[in-house]
Amino acid sequence: MEQVDVTAAIHILQQHHYKITKQRQALLVYLAQHADFYIALAAVDQHLRQQFPTMSYDTIYRNVKEMQSIGILETQVFKNGLRVKYQCDFSGPEHSHFICQNCGRVKEIGFPDFNSIKDQLQHYQVTAYQVEVWGICESCLK
């Protein structure tokens, strides 16, 4: 596999006072190498335990949830369980994806114009929004 740069993610971890451990780095590198897919948490667990046999599923899950909460990772619940992916844009956490419900492939898509929705919510404070389009990718359709 190619070498990937996880410097931005490590910087965010440091800003939030997390220790930069070999296990956290391995998690980030693995997910960054597959940044265009949501990877099953079980596959992440299996991969990391090959490198760190004493690492528990709970530790992996906790790290995924912590990194999700600070914007480094994204998670989705698929039919077969929780999947995780590396954040594709650290500068703009609000973005849109097409997500293949079969293989988990992710394609970043343009963010739609929300002016009409904002017009309908004039007396509300919108704090966040996201758009996800689900379907079957062209590889799975073949």
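**Exercise 1: Helix 3 and helix 4**

In this predicted model, helix 3 crosses helix 4 in a right-handed sense.

Task: State at what angle helix 3 and helix 4 pack, how far apart their axes are, and which class the angle falls into.

Solution. 
Step 1. Two packed helices are described by the angle between their axes and by the distance between the axes.
Step 2. Helix 3 spans residues 41-51 and helix 4 spans residues 57-69; they pack at about 120°, and their axes lie 10 Å apart.
Step 3. Angles of 65 to 115 degrees count as roughly perpendicular and those over 145 as roughly antiparallel. Helix 3 is therefore oblique to helix 4.

Task: Identify which residues make this contact and how they divide by class.

Solution. 
Step 1. Helix 3 contributes L41, V44, D45, L48 and R49, while helix 4 contributes Y57, I60, Y61 and V64.
Step 2. By class, the contact of helix 3 with helix 4 holds seven nonpolar and two charged residues, with no polar residue.

**Exercise 2: Helix 2 and helix 4**

Task: Describe the geometry with which helix 2 packs against helix 4.

Solution. 
Step 1. Helix 2, residues 22-33, packs with helix 4 at an angle of about 70°, and the axes are 11 Å apart.
Step 2. Because angles of 65 to 115 degrees count as roughly perpendicular, helix 2 is placed in that class relative to helix 4.
Step 3. The crossing of helix 2 and helix 4 is right-handed.
Step 4. On helix 2 the contact is made by R24, L27 and L28; on helix 4 it is made by N63, V64, E66 and M67.
Step 5. The contact of helix 2 with helix 4 comprises four nonpolar, one polar and two charged residues.

**Exercise 3: The chain as a whole**

Task: Determine how many helices and strands the protein chain has, and in what pattern they follow one another.

Solution. 
Step 1. The protein chain has six helices and six strands.
Step 2. Along the sequence, their pattern is α-α-β-α-α-β-β-β-β-α-β-α.

Solution.

Notes
Residues numbered from 1 in each chain as written. Predicted model: local features only at pLDDT ≥ 70, side-chain atom pairs only at ≥ 80, totals over all residues. Heavy atoms only, no water. Axes fitted to C-alpha atoms, helices over the stretch in contact; angles between N-to-C directions. Helix = DSSP H or I, 4+ residues; strand = E, 2+ residues; numbered from the N terminus. Parallel < 35°, antiparallel > 145°, perpendicular 65-115°, else oblique. Left-handed = near helix turned anticlockwise from the far one by under 90°. Contact = heavy atoms within 4.5 Å. Nonpolar A, V, L, I, M, F, W, Y, C, P; charged D, E, K, R; others polar.
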